[in-house]
Amino acid sequence: MLGLMQDWPLLMHTVLDHAAIQHPKREVVSRSVEGPFHRTDYATIRARALRVAQRLVRDGIKPGDRVATLAWNTWRHLEAWYGIAGAGAVYHTVNPRLFQDQITWIMNHAGSRIMMLDLTFVPLVQALADKLPTVERFVILTDAAHMPQTTLPNAVAYEDWIAEVDGDFAWMKVDEQSAAGICYTSGTTGDPKGVVYSHRSNVIHAMVCNQVDAFGLGAADRVMPVVPMFHANGWSLALCAPMVGAGLVMPGAKLDGASVHELVERERVTFSAAVPTVWMMLLQHMEATGSRIDSLQRVAIGGSACPAAITKMYQEKYGVRVIHAWGMTELSPVGTLFSVKPEVSHLSGDDMLRLQAKQGTPPYTVEMKITDDEGKEQPWDGETFGRLKVKGPAIARRYFRREEEEILDEQGFFDTGDVATMDENGYMEITDRSKDVIKSGGEWISSIALENAAVGYPGVAEAAVVSMKDPKWDERPLLILVMKPGVLSPTLAQMRDFLADKVAKWWLPDDLVVVDEIPHTATGKILKTKLREMFKDHRPAA
Ligand code: ADP
């Protein structure tokens with residue numbers, strides 16, 4: 001027997017429709033790429049997104065076609081997302097921080113027919129344009145007054161382009177399982193992989209993120225997504241905020257400490273989200289200028305582990321609650337968030353900070369397990385590491401144009417490539433990437449834990465740990481250091497002494513090398529593949 005409820009497809013436009021009906025005047029403020037602040041509201045955004053959809057259809061865009069955006073967070077980018085999805089097409093966010101070859105590869109792989117780009121990126125795209133055969137037209141996200149001279153084919157100013165239609169258009173009716181967006185992983189491990197979000201997964205994910213123990217947004221919030229919309233589905237905030245009628249404060253191209261601070265103060269931001277580096281820069285700015293951020297109530301921090309020192313400063317000095325979160329492109333992207341369950345509410349001070357250094361617990365819709373290499377589930381004791389695997393309605397089951405490749409295990413779980421512990425209360429802590437973990441005598445050593453301990457040594461600027469081949473133990477840790485200028489590097493014996501009370505004895509590195517520089521990915525993560533290649537023949541001296 002079936003239920004007798006209505007069939008109401010979870011389509012992205014329903015979110016914007018709701019915002020425009022219930023919260024028509026709620027503000028969306030942006031620092032425009034041209035410079036001045038720009039103010040609009042949800043009713044206007046919806047009206048203009050309808051024009052985008054209508055204009056795309058007039059340019060011949062069909063359901064399922066990809067339309068790329070190479071843009072900062074602004075009101076126009078928001079209109080573009082809803083307009084593209086509302087035409088039944090698929091927004092493809094391109095990360096401008098990738099290397100040029102990667103951008104070309106991704107664009108051609110996605111086969112986007114139109115590209116919408118900010119003024120900032122016109123020189124970059126002009127240099128690539130003849131390698132982008134699928135793109136028929138370039139829409140520059142600006143008005144006629146700011147339109148640059150450009151050699152880009154069929155280039156048009158966005159404002160002129162949408163002014164050619166009247167907005168009398170009905171959102172395209174597509175199945176809720178249809179593709180709405182594509183975001184490529186940054187390719188830390190091999191070719192970038194296209195993750196294809198559906199309307200349904202996007203809407204469900206935003207509802208999950210809006211729960212009280214997640215982002216907990218409401219109509220009184222002023223949300224500033226510092227995390228770019230081109231990074232991991234913009235952490236879903238372009239859906240979360242309009243869904244509950246929260247205002248939006250879009251930072252445009254300026255993400256430095258002073259600019260972020262100015263926005264928070266000027267626009268009375270209550271909630272924000274970004275990677276730890278952004279929060280570090282804001283902190284440095286406030287410490288240097290003696291300024292504060294009194295309107296800000298909570299920040300979501302993720303993308304890499306949030307150091308306890310940052311959490312402590314924000315919470316204790318500035319009164320901002322830190323929501324440590326973990327996720328990845330394949331998870332839409334949020335997989336866990338930190339909140340205080342009653343089981344741990346007795347903790348305080350450093351004990352609570354230690355727990356907050358964990359990445360939190362999975363919300364409803366994220367099933368989670370940790371397993372060994374054979375797929376056997378590991379206990380939730382807070383100590384045993386395992387491969388972290390997840391299952392849920394907003395988690396990838398295939399990559400774009402790699403449909404033959406099975407990425408789920410027999411129970412339908414996706415292997416995240418991360419290694420983690422789970423504790424008895426369900427709190428997850430990332431201990432490594434599975435490719436980086438050092439497998440010594442059948443036991444696993446966390447390269448991240450070793451790195452974190454080693455950077456505590458005076459004068460160490462950066463530390464990385466990779467494995468060395470070892471005849472007896474299979475793999476053993478090699479510590480690679482960059483020293484601060486003019487500082488003498490430690491000997492292996494000195495470093496081992498220093499680490500002795502911080503990690504297990506059998507974790508201590510078997511050798512140490514000092515380099516001028518450690519290679520990084522375009523998104524600032526240590527490039528372990530390159531390091532492994534550089535040191536593949538390295539063996540300890542004795
Ligand atoms: P990529 O996998 O291409 O680097 P993502 O942006 O999808 O791009 O990165 C996801 C990865 O970032 C996760 O698999 C995890 O290793 C890391 N990560 C994300 N959030 C955290 C966090 N809070 N703590 C530690 N690592 C994190």
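Ala232 counts as buried at 6% relative accessibility, where buried means under 20% relative accessible area, exposed over 50% and partly exposed in between, with a 1.4 Å probe and protein chains only. Ala232 sits in the loop between β10 (222–225) and α8 (237–244). Helices (H or I, at least four residues) and strands (E, at least two) are DSSP runs, numbered from the N terminus. The phi of Ala232 is positive, about 45 degrees, although the residue is not a glycine.

This is a predicted model in which local features need pLDDT of at least 70 and side-chain atom pairs count only at pLDDT 80 or more, while totals for chains, interfaces and linings use all residues. Residues are numbered from 1 along each chain as its sequence is written, and side-chain values use heavy atoms, with hydrogens and water left out.

Arg401 also has a positive phi, about 60 degrees, and is not a glycine. Arg401 belongs to the loop between β17 (386–391) and β18 (414–422), and with 44% relative accessibility it counts as partly exposed. In the loop between β14 and β15 (334–337) lies Pro333, which is joined to Ser332 by a cis peptide bond with omega of about 15 degrees. Thr361 is in the loop between α12 (349–356) and β16 (367–371) and is buried, with a relative accessible area of 10%.

**The ligand site**

The shell around the ligand draws residues from both domain 1 (12–252) and domain 2 (342–433), so the ligand lies between them; these bounds come from an automatic or database domain assignment. Of the 18 residues around the ligand, Ser186, Ala325, Gln359, Asp418 and Arg433 come nearest, a residue being near if one of its heavy atoms lies within 4 Å. Strand β14 (residues 321–327) gives the most to this shell, with four residues. By class, the shell holds four nonpolar, eleven polar and three charged residues. Here Ala, Val, Leu, Ile, Met, Phe, Trp, Tyr, Cys and Pro count as nonpolar, Asp, Glu, Lys and Arg as charged, and the others, Gly among them, as polar.

| Residue | Protein atom | Ligand atom | Distance |
|---|---|---|---|
| His324 | polar side-chain atom | nitrogen | 3.1 Å |
| Ala325 | polar backbone atom | nitrogen | 2.8 Å |
| Asp418 | N or O atom in the side chain | oxygen | 2.7 Å |

Taken alone, the ligand exposes 560 Å², and the protein buries 92% of that; the areas come from the Shrake-Rupley method with a 1.4 Å probe.

**The seven-stranded sheet**

An open sheet of seven strands has the order β7-β6-β5-β3-β4-β8-β9, with mixed pairing. β7 (156–157) and β9 are at the edges, each with a single partner strand, so one side of each has no neighbour in the sheet. Two strands pair if DSSP finds at least two bridges between them. Strand β6 (residues 137–140) pairs with β7 in the parallel sense over two bridges, and Ile140 stands opposite Ala157 in β7.

Strand β8 (residues 179–184) has five of its six residues buried, so it is largely enclosed by the rest of the structure. Three bridges link β8 to strand β4 (residues 90–93) in the parallel sense; Tyr91 has Gly181 of β8 as its bridge partner. With strand β9 (residues 194–198), β8 runs antiparallel over five bridges, and Cys183 has Val195 of β9 as its bridge partner.

Helix α7 (residues 199–209) is likewise largely enclosed by the rest of the structure, because nine of its eleven residues are buried. Among them are His199, Asn202, His205 and Cys209.

Key
Polar contact = N/O pair within 3.5 Å; in protein donor to acceptor, adjacent residues only side chain to side chain.
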